[in-house]
Amino acid sequence: MLEKKTQSQNGLSRRSFLKAVAATGAAGALAGAVGCTPDEKEGTPSGETAQAGPGPGEQVFQGVCRGNCSSSCVMNVVVRDGKIVKTEPLEMDNPDDSRMCVRGHTHPQRVYAPNRLKHPLRRVEGTPRGAGEWEQLSWDEAISYIAEKWKGFREEFGDSSIAYHYGSGNLAFDPKFTLRLFRAMHSTNIVQTVDYAYCYYMGPKVLGYGPWFFGNDPKTMTSAKNVFVWGMNPSHSWATSWPYVQNAIDAGAKFVVIDPQFTVMAGKADQYVQIRPGTDAALAMAMFNILLDEGFNDDDYLRKGTVAPFLVKDEDGRYLRMSDLGVEPTEGPVDPRTGQPTVVDPFVMRAEDGTLGTIEEIAEPVIRGTFEIEGHTVTTAFDLLVERCSEWTPEKASGVTQVPVDTIYDLARTFADGPTTVMLNMGIDHLSNGGAAYHAMFCLSFVTGQVGFPGAGWTGASFNMSSGVVNSYATYPEGGTPGPEVFNQYLPMVMETGMFNGNPLPIKSLYCIILNPLVTSTGRTEQLEAFDKIEFIVVADVILSETAKYADVVLPVPHYFEKWDLSYNVTPVVAVSEKAIEPLYDCKTDHEITCLLAEAMGVADTVNMTWDEYMDHCLDADGARAFGVNSWEDMKEMKIFYSARDGWCHGQDYTFMTPTGRAQFYLEDAKPLNDYGQVASGEFDPRKEALPYWDPPVEAWHENPLHGQYPLQIMTWRSRFKVHSQFTHIPWLLELWPEPYLYMNAEDAAARGISTGDTIKAFNDRGHMVCKAVCSAGIAPGTVLQDHGWEIDQYIDGSLSDLIGNNSHPATNHMAWYDSLCQVEKA
Amino acid sequence: MRYGMVVDTKRCIGCFACTVACKSKNNLPNDMLWNRVETVGGDFMDTPSGTFATGLSLSYLPVACQHCDNPFCVEVCPTGASYKDEQTGRVLIDHEVCIGCKTCMVACPYEVRQYNENEPEYYLDFPLGDFDAPAHVANTVEKCTFCANRVDRGEKPSCMMLCPARARFWGDLDDPASDVSRLIEGKETYRLLEEKGSEPNCYYI
């Protein structure tokens, strides 16, 4: 148990120590000298990285830890006697950006892990998948075996019969090279939809990408009067971002936390607001109404920074354009992606006096009103937003969210008394209805004009992928038309029917790269059934992951520090990860494996490049040249440079990387990310998706009839000790947190006769999980909580993933880890 | 000189980076912790005290050897293995003198001393961490050294190696210009179990 692990050995329990301490004031402040208050900033030595030179016989390399945790810390990798013996944080130019979390210290145990793959393996013929019977292959044997299978499938079933499934376990360029092969072969892309509602739907559509993803440089939070951490727990999921919040608090910001669970952040908040899971959109729309009713709207901002003055045609929901007024569209510059000229058909604005014209022509367009123009009934986009939100009175929202009416007023007024930064990440994404919640939440900043300057706007996950530093076409081989795209939660449907969106899709082989979907994706039971129907599964990984165990062929790939690479999501820097040691065992990089496979498949001409050529190609970008990087050699020499602009505020100067160039709270021509047929069937309604709304979650909702049988909502948190399933077998971390626990609300547990430490069984129609319980006062009633990422062999029986369904949303098509119900009983 | 440490518990988020930095750089044996992080709240890690209705409370308390000025462990040690280094203020253990009687473990009110019953075991077959990491010896007691090896060659203790929350501070309490002295000067601080008279050199804010 956790208690035992932190208990001292002298027979006194940990509790007695803490009780003794509490008596003297550890939990509160004990009397001390009170006098002048020195500037806290004067003494922050722990903010330094305290690097000394290497010790005797040691070499130091720069490495990047680059799983998908939103951080990607750059570190010094120390090699002694040919072995990686420790990692230390690298001191960044701005010490506030130096970072390394608990996991970063454990890389030697990842490099030399006992579950490392050492050679290519093939499942012994005649043994079932997952039985653990392997035969060792040479690389020649492995490659020719795979190529022979693939050639047969392609010949008989076509290009799309080969599918690839790409994850986020190594955010760098070596695995990305693999994409060239599958694009050249027109293979089917099985997309793992991690965080898609936020990162790939609402974020880009409403806010557009920016150098800090969808937000400000978090260092600008020190200018905030209020910081709302909403649906995020940076202390666990993104520990390295916490100092930015703390700095804002030190600078005087009010710290508001909105979360269903009482998190570490809630413990530090000036105001903690508990909300029923999956109701954030209702809260945001009620706050929006209060802001408007009480006159906190900033019409000038709405007019200049958002689509508020755009006129939406009643008949089709599209914007009124000059062509609607009979002005012929003109040709614009050539689109580099299509090679075709763009069409310029300006949006129509309306002045107060009824004058119509383009954005450039109408200085003060109206943002309210419905008009008849040239036979079209049009309404301003802002009026449509106001109308859409209007049903959400504070009273109605309170009923849904369980947030008291007074608190909703209080939150809105605090928000208006800005600048207010909203810090958000993926918590809200993980319910099926999360996309629309972000949509509504963004509108609070729009309506109050709190966008584009320090202390306002949003901050949260930041990735460098959009900063233009790398050539995003480097992974597209010439002539490589991408094949079909299927989001992972629809793979079971494809395997069941052989069809996708009305077209035959006979998938025969799946190649998994940098992901462990049986653990980290939703719908494990359905997924396994789908896997059973796939004839040939290949997994390339560093370790024998749970998914690798279900493969037919497993290919060993080196750890991050055994190869050269460039990490692209280390915002605010671009950093080289150096090869500190030679690849262990018989591992090959993803680049090497791809070249061998491309050769065997006869597509080497279009796919293959040497590593140096490929990296030159990746860095063939104006963004890189702007920093003096003209080649991979330059980059290796430079090693690291700041690419994201310090102090950047998303939407500054009223500009957004969206099709309209504005903040788009109205989504013209809304489309789903993955069309499995919901557009034709009408399940997807573009008019509804154009604006925020609230629908209950698909499954995890108290009014769902299933709730009677399974009254507990399963939620998960992103542990400080894992990045999805990465680090899950690291011994040092297992000493601190040895096994999965199901955290339960103390009263829910008591009602089931469950005490902390009891073995429990959580179950629903999909499956079950047996593990130990921890009863906590901080877990929301009606929910159970577990850290995500444990593999099935770490449970007493079953696993968390066995309980999670593929509930998703017709627009955002993302995985919803928090949208499943279960029952729990003492095992 | 009197080395000391300050932990700002308002900043600390219980991330355990200090725990594992210590474990890694000191090449600690399996199941050995010199620097633990207590949950201050409910009975188990990450659980708060209180109720939603009445209010909840949750914070963290990193605890390692407090390097006391009046160390009870030294007082009770029958062999002199535990000693106070008057030059630096560190409380240290000479493993060549320690007989593993564990008397010090009972005397220490902070429960930070750990006993190697057998030959220490490690997950890997080569030493990790600092080249000069301390030895770990069977039938001896060990604990935090304030990273004497690192500090004596000009580095900071490993737990000070970039606390992600910037909650830890280190320096010479006898030097009024040191980071720790300036930080606690005029601040409301407390020390753990101060009433016992051990005179710890770790301060909490």
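Mentor: In this predicted model, Tyr166(A) has Ile513(A) of E23(A) as its bridge partner. Strands of a sheet pair through backbone hydrogen bonds, in either a parallel or an antiparallel sense.

The sheet to which E6 and E23 belong is open and has 8 strands, in the order E5-E4-E25-E24-E23-E6-E7-E20 of chain A, with mixed pairing. Its edges are strand E5 (134–136) and strand E20 (485–487) of chain A, each of which pairs on one side only. From one strand to the next, the twist averages 20°.

Turning to the nonpolar cores, the largest has 258 residues, and Val227(A), Ala284(A), Met285(A), Met287(A) and Tyr666(A) have the most contacts inside it. Leaving aside neighbours within four places in sequence, Met285(A) touches Cys389(A), Trp392(A), Ala397(A), Ala440(A), Pro692(A) and Trp694(A). Another core, of 60 residues, lies apart from the largest one and includes Tyr164(A), Phe487(A), Leu491(A) and Leu505(A).

Helix H6 (residues 196–207) and helix H15 (residues 434–447), both of chain A, have axes that come within 9 Å and cross at roughly 35°. The crossing is right-handed. Among the residues making the contact are Tyr198(A) and Met202(A) of H6(A), together with Tyr438(A) and Phe442(A) of H15(A). The contact residues comprise 8 nonpolar, 3 polar and no charged.

Conventions. Residues are numbered from 1 along each chain as its sequence is written. Chains are lettered from A and ligands numbered from 1 in the order in which they are written. This is a predicted model: local features need pLDDT of at least 70, side-chain atom pairs count only at pLDDT 80 or more; totals for chains, interfaces and linings use all residues. Two strands pair if DSSP finds at least two bridges between them. Helices (H or I, at least four residues) and strands (E, at least two) are DSSP runs, numbered from the N terminus. Axes are lines fitted to C-alpha atoms, for helices over the stretch in contact, and angles run from 0 to 180 degrees between N-to-C directions. A crossing is left-handed if the near helix is turned anticlockwise from the far one by less than a right angle, and right-handed if clockwise. Two residues are in contact if their C-beta atoms, placed from the backbone, lie within 7 Å. Ala, Val, Leu, Ile, Met, Phe, Trp, Tyr, Cys and Pro count as nonpolar, Asp, Glu, Lys and Arg as charged, and the others, Gly among them, as polar. A nonpolar core is a set of buried Ala, Val, Leu, Ile, Met, Phe, Trp, Tyr and Cys residues joined through C-beta atoms within 7 Å. A residue is buried if 20 or more other C-beta atoms lie within 10 Å of its own, exposed if 12 or fewer, and partly exposed in between; C-beta atoms are placed from the backbone.
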